[in-house]
Amino acid sequence: MTAVEIDVKYVAHLARLSLTPDEEQKIGAQLGNILGYIEKLKEVDVTGVEPTAHAFPLVNVTRTDEVRPSLSNEEALRNAPSTANGLFMVPKIVE
Amino acid sequence: MDYEAVIGLETHVQLKTKSKMWCGCANEFGAPPNTNVCPVCLGLPGVLPVANEEALRLTALTGLLLNCTVTRYAKFDRKNYFYPDMPKNYQITQYDKPSTISGWVDFEFNGGLARVRITRAHLEEDVGKNFHFDRNSGVDFNRAGVPLMEIVSEPDLTSPDMAYEYLNALKDILVYGGVSACDMEKGMVRCDVNVSVRPKGQTELGAKIEIKNMNSFSGVRKALEYEIPRQIEVVKKGGKLIQSTRRWDDTTGITEEMRTKEHAHDYRYLPEPDLMPFQPTDTWLEEIRQRVVELPLARKQRFMRDYQLPMSDAQTFVWDVPLGTYFEGIARQAKNPKAAANWVINNLRAKLAEAQVTLPDLKFKPAGILELIDLVDSGKISTRIAQEVFAEMFTTGEAPARIVEKKGLAQVSDTAAIEKLCDEAIAASPGPAADFKAGKTAALNFLKGQVMKFSKGKANPALAGEILERKLKG
């Protein structure tokens, strides 16, 4: 398998993960292996095979536009670490 | 050197559905915070979204209204980013296979018609709403998962005014089609503006600056009025613009660069594995076609063309659809459609407002208005009496001819009777009579008014004028 260069720090940042240098090393290698495997898949001849977005041969799964009961505010906020006035409280959002 | 602006708009519109996009929570503005929420729209683990069929229909309908192609294969994708108003840390949207593509909007601009091409109108979901406090922020997820349509224009707009008119035209179309209520106050329409400048004649585009999250059309216009000269200034001074995102501050009237993180735009789109592709059938599309309405501009042009109406009347019938439809019902048989339009706009509309009733409540038959116009045109009643007859038919629903007969309102064109009234008027007002003889022709109008008064409005005014003049001159 060919090792694929990936920017582990960048990918970790996108996933909001903070990794130690050891973890970066370890996970970088693992991700490299996975991408190497994808490289291998690319060798398969897919001429004549339609691309698909999903493995299931299902389409048009919809629901009718009807209102159904929601959670109560208490229930909705039950697992929230911090709440006030019916809102989920979070650290100050800086745009 | 002269510079020109190149503007494209991404317009987000909340769809008029009862429930949210992926769950049965109410799509409702103004509910107490976090009361229209459930595990699906809160992004709790293990839940499955199911697409709202009506939202798919409204998106396809929009496509038809905007002259787009409704695609036969659409799918949903995850757009990944972290922001507290996005409970799942990804927004479900349509990335490379949107529901509709390639259309256009025609609208009135600068005394003519302008066309802006539409790249696509795709379906996605709205996010929650943040409230900022001194030390922290609060999030309400009632809006999260509300069906949101994004309409992307080609960069065909060239001025702030043009952008403003385009947005208004777009809004009118969506309201007309019943796609969205487009209530600006409720944040149902929001806009991202892309604008760049380049020397006139250059084909290559300048660096694209995005102004995010505008919630009023006048705001878009003001932001562009600020941003375009700012960019031209930078370029003129030899500076270089770089692709970036700015925010419009309505109170200070300036745009400012937002703190954008280095990798903020790496959204890592991937096909949403929880949702199946959508492949509309012929029958489904035919049902949507049945919902296509005549667009506001087309309606206005048709009213002007078919009934020879001035633009203002046509515009009234565009804004007030039921009134316009009512007018059309009688205009087709009208000898003089403009007269019918006057009655409908000036008299009927006022009466409806005064009595606080609507068109279906009307007691008289629509043809009654035509009958009334005929009575005036044939000289049977005066226009003043016509007002009285109209008020009566509005109240009782009786036919105008019958009212005229019953109340003895027919215009008096009997010369002898009018002669008598004229003599009375002259005798009662020697002053104005003398004035007229002395050359003040306007005094005749006063005397004519007296004759009308004595006749309770029934005298033929033209005839009265003639007789008065003859008598006074003789």
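I call a crossing left-handed if the near helix is turned anticlockwise from the far one by less than a right angle, and right-handed if clockwise. Helices here are DSSP runs of H or I with at least four residues, numbered from the N terminus.

Before starting I noted that this is a predicted model, in which local features need pLDDT of at least 70 and side-chain atom pairs count only at pLDDT 80 or more, while totals for chains, interfaces and linings use all residues. Residues are numbered from 1 along each chain as its sequence is written, chains are lettered from A in the order in which they are written, and side-chain values use heavy atoms, with hydrogens and water left out.

**Entry 1: α6(B) and α8(B)**

I looked up how helix α6 (residues 311–319) of chain B packs on helix α8 (residues 337–355) of chain B, and found an angle of about 55° with the axes 11 Å apart; axes are lines fitted to C-alpha atoms over the stretch in contact, and angles run from 0 to 180 degrees between N-to-C directions. This angle makes α6(B) oblique to α8(B), because under 35 degrees counts as roughly parallel, over 145 as roughly antiparallel, 65 to 115 as roughly perpendicular and the rest as oblique. The crossing of α6(B) past α8(B) is left-handed. On the α6(B) side I listed B:D313, B:T316 and B:F317, which meet B:K338, B:A341, B:N342, B:V344, B:I345 and B:R349 in α8(B), contact meaning heavy atoms within 4.5 Å.

**Entry 2: α5(B) and α6(B)**

I then turned to helix α5 (residues 296–307) of chain B, which packs with α6(B) at an angle of about 135°, their axes being 9 Å apart. That makes α5(B) oblique to α6(B), and their crossing is right-handed. From α5(B) the contact takes B:P296, B:R299, B:K300, B:F303 and B:M304, and from α6(B) it takes B:M311, B:A314, B:Q315, B:F317 and B:V318.

**Entry 3: chain A with chain B**

For the interface, I found 34 residues of chain A in contact with 55 residues of chain B. The two chains bury about 3800 Å² between them, 59% of it on carbon and sulfur atoms, where buried area is the accessible area (1.4 Å probe) lost on putting two parts together, summed over both.

**Entry 4: salt bridges**

I counted zero salt bridges between chain A and chain B, taking a side-chain nitrogen of Lys or Arg within 4 Å of a carboxyl oxygen of Asp or Glu. Over all chains the count comes to 39. One salt bridge that I looked up joins B:R230 to B:E227, with the closest N and O atoms 2.8 Å apart. These two residues are separated by about one helical turn, because they are three residues apart in helix α3 (residues 217–236) of chain B.
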